[in-house]
Amino acid sequence: MTLEDLCHRYLDALNTGDLESVRALFVPGAEIVSPLYGVRPAHDFYAELFADTARSETTLLNVFDSSADGRSVALHFRYVWTLASGKVVEFECVDVFELAEDRQRFTKMTIIYDTAPLRSDFEASRKQT
């Protein structure tokens, strides 16, 4: 599988809410650093994210693959996120992935985006569900 395939599989799993498929893209013990959820094991993060999500739609804008050691890739995309409450929030974000040695799975992901415009909607949605 190419790095581009891996990245597309990730976005496809995010868009379809396929918990098992997204978990399979991460090594055991992988962690996620999220501005809304904090630091979580990938296994737990996606279960929580998908519970908070009615629908996800991503549009890939850029793939950055220029790390010195070849073990990182970043996806820049527009995210239209329908929260479990039905509220739709839209933003651009960058997910920075650290890759396993074989470059077939992720060991860590750091999510970068401004949460200020959506934090109150996110918190209200979580209280409703």
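## Arg 78 and the β4-β5 pairing

Arg 78 has Glu 92 in β5 as its bridge partner. Ser 72 likewise stands opposite a residue of β5, namely Glu 98. Strands β4 and β5 pair in the antiparallel sense, over 11 bridges; two strands count as paired if DSSP finds at least two bridges between them. Helices (H or I, at least four residues) and strands (E, at least two) are DSSP runs, numbered from the N terminus.

Strand β4 is largely enclosed by the rest of the structure, because 10 of its 12 residues are buried. Here buried means under 20% relative accessible area, exposed means over 50%, and partly exposed lies in between (1.4 Å probe, protein chains only).

## How the model is read

This is a predicted model, in which local features need pLDDT of at least 70 and side-chain atom pairs count only at pLDDT 80 or more, while totals for chains, interfaces and linings use all residues. Residues are numbered from 1 along each chain as its sequence is written, and side-chain values use heavy atoms, with hydrogens and water left out.

## The sheet

Now to the sheet. In general, strands of a sheet pair through backbone hydrogen bonds, either parallel or antiparallel. In this model, six strands form an open sheet with mixed pairing, in the order β2-β1-β6-β5-β4-β3. The edge strands, each pairing on one side only, are β2 (38-41) and β3 (53-64). Neighbouring strands are turned against each other by 25 degrees on average, direction ignored; the axes are lines fitted to C-alpha atoms, for helices over the stretch in contact, and angles run from 0 to 180 degrees between N-to-C directions.

Strand β3 runs antiparallel to β4, and 10 bridges join the two. Across this pairing, Leu 60 stands opposite Phe 77 in β4.

Pro 41, placed in strand β2, is partly exposed at 43%.

Pro 41 and Phe 26 are 15 residues apart in sequence and 10.0 Å apart in space. For Phe 26 and Glu 101, 75 residues apart along the chain, the C-alpha atoms are separated by 12 Å.

## Salt bridges

How many salt bridges does the structure hold? There are 11, a salt bridge being a side-chain nitrogen of Lys or Arg within 4 Å of a carboxyl oxygen of Asp or Glu. One of them joins Glu 31 and Lys 108, whose closest N and O atoms are 3.8 Å apart. This pair links distant parts of the chain: Glu 31 is in strand β1 (residues 26-34) and Lys 108 in strand β6 (residues 106-112), 77 residues apart. Glu 31 is partly exposed, with a relative accessible area of 31%, and Lys 108 also counts as partly exposed, at 24%.

In another salt bridge, the side chains of Glu 48 and Arg 40 meet at 3.0 Å, N to O. Arg 40 is partly exposed, at 26% relative accessibility. Glu 57 and Arg 55 form a salt bridge of 3.1 Å, N to O; Glu 57 is partly exposed at 35%, as is Arg 55 at 48%. Salt bridges with shared partners also join Arg 40, Glu 48, Asp 52 and Arg 126 into one network.

## The cavity

Rolling a probe the size of a water molecule over the atoms shows where empty space is left. A search of the whole structure finds one cavity of 30 Å³ or more. On a 1 Å grid over the protein atoms alone, a cavity is a set of points where a 1.4 Å probe fits but cannot get out, and lining residues have an atom within 4 Å of a point. Grid points are joined across faces, edges and corners, and a volume is the space filled by probe spheres set on the points. The largest cavity has a volume of about 160 Å³.

Key: 1 Å grid on protein atoms, 1.4 Å probe; cavity = no way out; pocket = protein on both sides within 12 Å on 5 of 7 lines; lining within 4 Å.
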